[in-house]
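Morning, everyone. Please bring up the sequence and the structure, and keep both in view while I talk.

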Amino acid sequence: MGRHGWNSGALRWRLTALLGVGVAALALVVTLLNTLPGDSSSNAGTTRDGDKVHGTPVVPSGTPKPEVGWGFTHTQYSADEGSSAATERVEGLLKGKGLPQIQHIMGWGSDNPEPVKGRYDFEDMDRRIDFIRKSGGTPVVTLCCAPDWMKGGKAGAGNTDWSQQALETAPDRAHYKDFAALAATVAKRYPDVRHFVVWNEFKGFWNNSEARWDYEGYTQLYNLVYKALKNVDKDIMVGGPYLVMDSVDPRSDDASKTFKGPWGAMDQRILDAFDYWNKNKAGADFVVVDGSSYTNDDELLPDEFGATDKLTAVGKWVRAQTRDLPLWWAEYYVEPADGNDDRKGWSETRRVAVQASGMIAMVKGGASSGFYWNPEDEKGSGCAGCMWTPTSAADGGKPLAMYDLISRFSQEFPPGTGYRTVSVAADDVPNVRVLATDKAVLVVNTLDRSISAKVDGKRFEMQAYGVKWLRR
């Protein structure tokens, strides 16, 4: 049910992609040596002290704030691996920017953290956290997904089922407490991580028999994790439910009768799930949603820029339901994907312009934090929508247009920003999207042609799908 599908947030095929034949053979020998006769649960590469503090974290003083600002999510490939010159180049790009960065505990670049109950493998997670620390980012952890033994699968370091179906399976109810214990272990290992998101997109929480979300099951898991994290440190910030805020054709049987707009109608089943979590949660320091501007049928209504108004409407609705809890967008999408879950059909200028429009729309809906799902490629020269070039080669890690947008947006519009209304010439109102503070103005040209725009009393030229920053 994931909005981003699986390819963009896929697992790491460790034995296929990373290990040579010789290393694989050595791993097999180690596995055999660590597996007793009759025991199918290998402990190879694991340790019992998963909660031992990793590295030398710098824990911020004082109580953390629930907002973290605008950043990105690490996916299957990221800048923690590759050429040292390239990875250091990305670290240098991010240094001083303070961009918040999300890492999941399993999948999306991280191996099974607890392949056997009480035995841990945080090698990949450690490396990602190390990268976030070195690049000066604010670390955020998404507590998804669950080890196989928690969901009816086979325990063992070599037994992880990395298929999409398996990884998107929720823990069995009998293992909710085990998952909460794993969450607490992660919090103890990385004490500088002050913000945790519980699960991802309700994966595995679909109730087939009733054709609705199993919001009771998710909320039970959420509450156990919330309490476990607060027991580690009461100041840890916890949020959910990370629901995909799907919209549908207004004629759909699942369409909300009251929550709709030119962009479509909200899926009532999503609203029901959100309502249950909101009324029955043990607590929340911030609220997390996810979604796209387009409908479930990939329709951009009335067009790609007008469709982003949905993000504003969803934000206002969520804030009203939660009595203005700080709002995060854990993921957001403005360009429909193809059958391979790739978003490569638009030019980069169009992609960045619609992305900027979407971010403006989220702010206008009350969001203070948002995370771009960074689709970094493992290698190659082209990387549609990526923030930097692939880091596999020494000349990689160079900034791309999406990095420029997100880093500048984060700098100009941090949490607590006071926004201002600026003048826009009457003939430009239909063609531009604008977001302004006392110091800066972001202007987006929504047309596939150049224009001469007048905003905030200034006249300037804009290229087709241009994105321009003005100083005030």
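Start with one cysteine: is Cys144 buried or exposed? Cys144 is buried, because its relative accessible area is 0%. Buried means under 20% relative accessible area, exposed means over 50%, and partly exposed lies in between, with a 1.4 Å probe and protein chains only. Cys145 counts as buried too, at 0% relative accessibility.

A word on the source. This is a predicted model, where local features need pLDDT of at least 70, side-chain atom pairs count only at pLDDT 80 or more, and totals for chains, interfaces and linings use all residues. Residues are numbered from 1 along each chain as its sequence is written, and side-chain values use heavy atoms, with hydrogens and water left out.

Now the disulfide, meaning a pair of cysteine sulfur atoms within 2.5 Å. How many does a search of the whole structure find? One. Cys383 is joined to Cys386, S to S 1.7 Å. That link is left-handed, with -50 degrees about the S-S bond. Cys383 counts as buried at 11% relative accessibility. Cys386 is buried at 0%.

On to a sheet. Strands are DSSP runs (E, at least two residues), numbered from the N terminus. Two of them pair if DSSP finds at least two bridges between them. Here three strands form an open sheet, in the order β14-β15-β18, with antiparallel pairing. At the edges sit β14 (432-436) and β18 (467-471), each pairing on one side only. Look at β15, residues 440-445: this strand and β18 pair over five bridges, in the antiparallel sense. Find Val441; opposite stands Leu470 in β18.

Technical notes:
Helix = DSSP H or I, 4+ residues; strand = E, 2+ residues; numbered from the N terminus.
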